[in-house]
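Q: Could we go through this structure together?

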Amino acid sequence: MIEIKNLVKQFGKLQAVDDVSLTVGKGKVVVIIGPSGSGKSTVLRCINHLEVPTSGEIIVDGIVVSQNHKNINAIRAEIGMVFQQFNLFPHLTAIENIMLAQRIVRGRGQDEARKMAMQQLERVGIPEKASAYPSQLSGGQQQRVAIARALAMNPKIMLFDEPTSALDPEMIKEVLDVMMELAKSGMTMICVTHEMGFARNAADEVIFMDHGKIVERNTPEAFFANPNEARAQAFLRQILH
Amino acid sequence: MATIPSSAKSSTQNQFVGKLSQLPWWLIIIILAGLVLFYNFLSNETYVAILSRLRSGIVLTIVVSLVSYAIALVIGLIVGLGRVSKNPIIYNLATLYVQIVRGVPMLVLIFYIALVLIPPILQLLGVRPGTFDFSFRAVIALAVAYGGFEAETFRAGIQSIGRGQMEAARSLGMSYPQAMRYIILPQAVRRILPPLGNDFISIMKDSSLVSVLGVNDITNIARLYASKYFHYPETYNTLAFMYLAMTLILSLIVKAIENRLAKSSQ
């Protein structure tokens with residue numbers, strides 16, 4: 001479903017992503033972990049072209065994303081993204097947030113968009129908040145609306161960029177539960193996260209990155225039980241306390 | 001003789017002085033001056049004559065300000081978008097316009113646009129320059145001049161919206177124009193309403209400059225009247241006060257809008 005071949009991304013002199021290659025099969029969940037600055041978010045953002053790769057190829061569902069500039073909007077509609085800072089549209093209510101792109105990108109009618117929006121709000125567990133503005137929602141609720149907003153576009157894959165890193169601890173679980181349900185339902189997902197519990201339970205593959213390179217990749221069982229690389233071992237020792 | 005300690009002053013006296021110092025004295029003084037003037041309007045012949053002369057120019061002043069500002073806003077939006085564009089041609093054209101228009105004094109700009117730029121355009125369009133009312137030229141000149149300032153205001157508003165908003169919009173598949181129209185601009189405009197309001201007050205004052213083109217706004221009427229009848233103090237008192245009255249009312253409105261916005265964004 002997603003193929004990344006020899007991805008390189010440089011910001012000036014900084015080598016953010018250094019020759020990263022990975023494949024994500026349909027319906028698979030890949031979790032990318034690693035220290036700050038390891039390039040994991042950059043890899044994610046290259047997939048939907050928010051960052052333009054310096055070199056390398058990214059192929060999503062058969063379409064070469066790394067070059068395809070003309071159709072980029074259509075391609076982006078197939079890739080849902082959830083941000084660390086939620087990025088809800090503050091001047092619209094929750095349901096309007098979810099309806100907008102459906103109407104102006106997918107061309108759905110008002111009723112159809114509203115119906116889908118309510119469905120997704122129920123899926124993430126907060127249908128009663130449909131008329132609330134983002135400023136009236138807690139962080140966990142905002143993030144769930146953001147997930148619903150991305151899902152309403154019926155994307156083929158979902159990208160999560162540290163979705164719980166900006167949340168108060170009590171709210172992390174509600175978001176992770178939604179992500180778990182999504183994983184179980186067969187969505188193709190790539191998640192950058194620090195939540196090891198989620199990685200252990202939901203991931204088909206765990207990828208550890210450091211300094212722009214993939215240091216180790218394995219199934220969660222193998223990785224967490226017995227990481228091969230010293231750098232990975234050191235990281236896990238720090239994280240798992 | 002021992003000095004009386006200040007604590008001997010009663011606290012109610014202090015409270016009274018405190019409350020007195022909270023009053024908007026600046027407004028009270030202006031209103032009192034206005035009342036004096038008003039009294040003169042009713043009793044003094046000179047003032048009565050001046051007032052009736054100036055009254056005919058108020059409509060023109062207001063209309064010139066409104067129309068120029070409306071056009072300036074449209075120019076400002078377009079050029080402001082150009083200033084944030086990644087397209088080098090658009091960006092450079094927009095920046096060129098803003099730099100020139102903000103770098104030349106308003107008075108010079110009005111002369112330049114009305115007397116240097118507009119005539120050749122009129123000839124191109126086949127209109128005889130003599131028939132093109134100077135009021136129109138004045139409006140266009142003011143609009144073009146203020147368009148540059150509004151462009152920068154719009155640009156600042158657009159850039160004040162966090163990157164995440166554009167990223168979220170684009171990642172949902174919206175095009176750049178769609179993201180601008182539905183996400184960025186609605187938020188940006190809300191933010192820049194106070195400066196836009198203040199700029200309208202500003203353009204109302206600068207509308208006095210069109211008098212140099214001979215346009216019959218209140219400033220021009222006042223100038224001609226005063227130099228004819230030598231009633232300088234009476235004429236200019238009235239003129240200044242008219243502008244003050246208009247701008248004060250407008251700034252109170254702008255303040256009310258600002259307060260409304262501050263409340264609702266909580």
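A: Let us begin with a definition: a residue is buried under 20% relative accessible area, exposed over 50% and partly exposed in between (1.4 Å probe, protein chains only). The model is predicted, so local features need pLDDT of at least 70 and side-chain atom pairs count only at pLDDT 80 or more, while totals for chains, interfaces and linings use all residues. Residues are numbered from 1 along each chain as its sequence is written, and side-chain values use heavy atoms, with hydrogens and water left out.

Q: Is R106(A) buried or partly exposed?
A: R106(A) is partly exposed, at 30% relative accessibility.

Q: What does R106(A) meet in a salt bridge?
A: Its side chain meets that of E78(A), at 3.3 Å from N to O. A salt bridge is a side-chain nitrogen of Lys or Arg within 4 Å of a carboxyl oxygen of Asp or Glu. E78(A) is partly exposed too, with a relative accessible area of 23%.

Q: How many salt bridges are there over all chains?
A: The count comes to 16. One of them joins D177(A) and K173(A), with the closest N and O atoms 2.7 Å apart. K173(A) is exposed, at 56% relative accessible area, whereas D177(A) is partly exposed at 39%.

Q: Now the interface: how many salt bridges cross between chain B and chain A?
A: The rule finds 1 there. R45(A) and E167(B) meet in a salt bridge at 2.7 Å, N to O. A network of salt bridges links R45(A), E51(A), R163(B) and E167(B).

Q: And how many residues does each chain bring to the contact?
A: Chain B gives 17 residues and chain A gives 22, where contact means heavy atoms within 4.5 Å.

Definitions and conventions: Chains lettered and ligands numbered in written order.
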